[in-house]
Amino acid sequence: MDQDEKNEEVAPDAELAAAIMRRHFRPSLIKTEAWEGYEFADMEIKITESTDCYGAVLWPSAMVLCHFLDTHRDEYNLMDKNIIELGAGTGLVTIVTSLLGAKVTSTDLPDVLSNLRHNVNRNTRGRCRHAPHITELSWGKQLEERFPRATCHYDYIIAADVVYAHPYLHELMETFMHLSSDDTVILWAMRFRLDPENSFVDTFDKHFHLEELYDLPSLRIKLYRARKRTSASQLF
Ligand SMILES: C[S@@+](CC[C@H](N)C(=O)[O-])C[C@H]1O[C@@H](n2cnc3c(N)ncnc32)[C@H](O)[C@@H]1O
């Protein structure tokens with residue numbers, strides 16, 4: 001392969017990655033409150049971050065997932081769909097999916113919920129068909145009690161950058177398993193940093209049919225679509 005051919009291979013990822021990161025970012029406005037502006041679902045979205053924990057920062061995987069959903073509205077028509085987001089953080093993905101018409105349950109650890117609620121309320125009030133529901137979900141805890149399989153059915157489980165070197169990867173897998181019905185589609189944007197992340201993908205692949213929708217090496221992010229493996233389920 002000569003150099004030109006190599007360049008041709010790399011360019012699409014670099015261009016897409018640059019477009020995702022550039023298109024949706026606007027500089028901070030320091031007024032009484034600092035926020036960053038993003039544009040998705042034909043709306044300006046204001047996100048306030050705080051640097052005191054992971055969940056209060058907006059991570060690039062969230063922008064990748066939002067970009068995908070915003071630019072694939074026909075294939076992924078979210079109107080009236082039931083969605084649950086894991087590790088919602090600052091709430092960008094919850095906001096975008098709500099603006100696109102979904103009924104969203106937005107979840108994270110208790111410490112993160114106040115900033116999450118602030119961002120989600122300010123960006124969705126009066127703009128959405130269904131008001132998003134924000135609630136605690138600590139992976140692996142009280143799953144059947146709080147999200148009973150008999151009554152909770154999700155069309156989509158969405159997650160951005162929830163896999164990294166934390167001690168709850170087993171509980172996260174358990175949560176994906178518990179919330180998935182045979183027809184639930186998981187859309188999961190993942191940033192690769194260390195080895196535990198690769199082994200999580202290997203384990204995930206044993207329980208779910210996994211398909212790559214985006215591979216963005218320049219951001220070290222992949223976007224996956226997955227569905228639970230069952231004896232009766234059809235492969236994508
Ligand atoms: C790297 S941040 C990603 C946040 C957001 N999805 C984004 O992409 O901007 C990881 C998120 O997972 C949440 N998280 C970490 N451990 C968790 C656990 N055991 N149960 C529930 N959420 C957890 C964090 O609070 C945080 O919001």
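**Note on helix packing and the ligand site**

1. In this predicted model, helix 3 (residues 92–99) and helix 4 (residues 113–124) have axes that come within 9 Å of each other and cross at roughly 25 degrees. Angles under 35 degrees count as roughly parallel, and helix 3 and helix 4 are therefore roughly parallel to each other. Their crossing is right-handed.

2. The residues that make up this contact can be listed from both sides. Helix 3 contributes Thr94, Ile95, Ser98 and Leu99, which meet Asn119, Val120, Asn123 and Thr124 of helix 4. Sorted by class, the contact of helix 3 with helix 4 has 5 polar residues, 3 nonpolar ones and no charged ones.

3. Helix 3 also packs with helix 2 (residues 60–71), at an angle of about 10 degrees and with the axes 9 Å apart. That angle makes helix 2 roughly parallel to helix 3.

4. On the helix 2 side, the contact is formed by Ala62, Met63, Leu65, Cys66 and Leu69; on the helix 3 side, these residues meet Leu92, Val93, Val96 and Thr97. By class, the contact of helix 2 with helix 3 has 8 nonpolar residues, 1 polar residue and no charged residues.

5. The ligand is the next topic. There are 19 residues around the ligand, and those that come nearest are Trp59, Gly87, Asp108, Trp139 and Ala160.

6. For Gly87, a polar backbone atom is 2.7 Å from a nitrogen atom of the ligand. For Ala160, a backbone N or O atom lies 2.8 Å from a nitrogen atom of the ligand. For Trp139, the distance from a polar backbone atom to a nitrogen atom of the ligand is 3.1 Å.

Methods: Residues numbered from 1 in each chain as written. Predicted model: local features only at pLDDT ≥ 70, side-chain atom pairs only at ≥ 80, totals over all residues. Heavy atoms only, no water. Axes fitted to C-alpha atoms, helices over the stretch in contact; angles between N-to-C directions. Helix = DSSP H or I, 4+ residues; strand = E, 2+ residues; numbered from the N terminus. Parallel < 35°, antiparallel > 145°, perpendicular 65-115°, else oblique. Left-handed = near helix turned anticlockwise from the far one by under 90°. Contact = heavy atoms within 4.5 Å. Nonpolar A, V, L, I, M, F, W, Y, C, P; charged D, E, K, R; others polar. Near = heavy atom within 4 Å. Polar contact = N/O pair within 3.5 Å; in protein donor to acceptor, adjacent residues only side chain to side chain.
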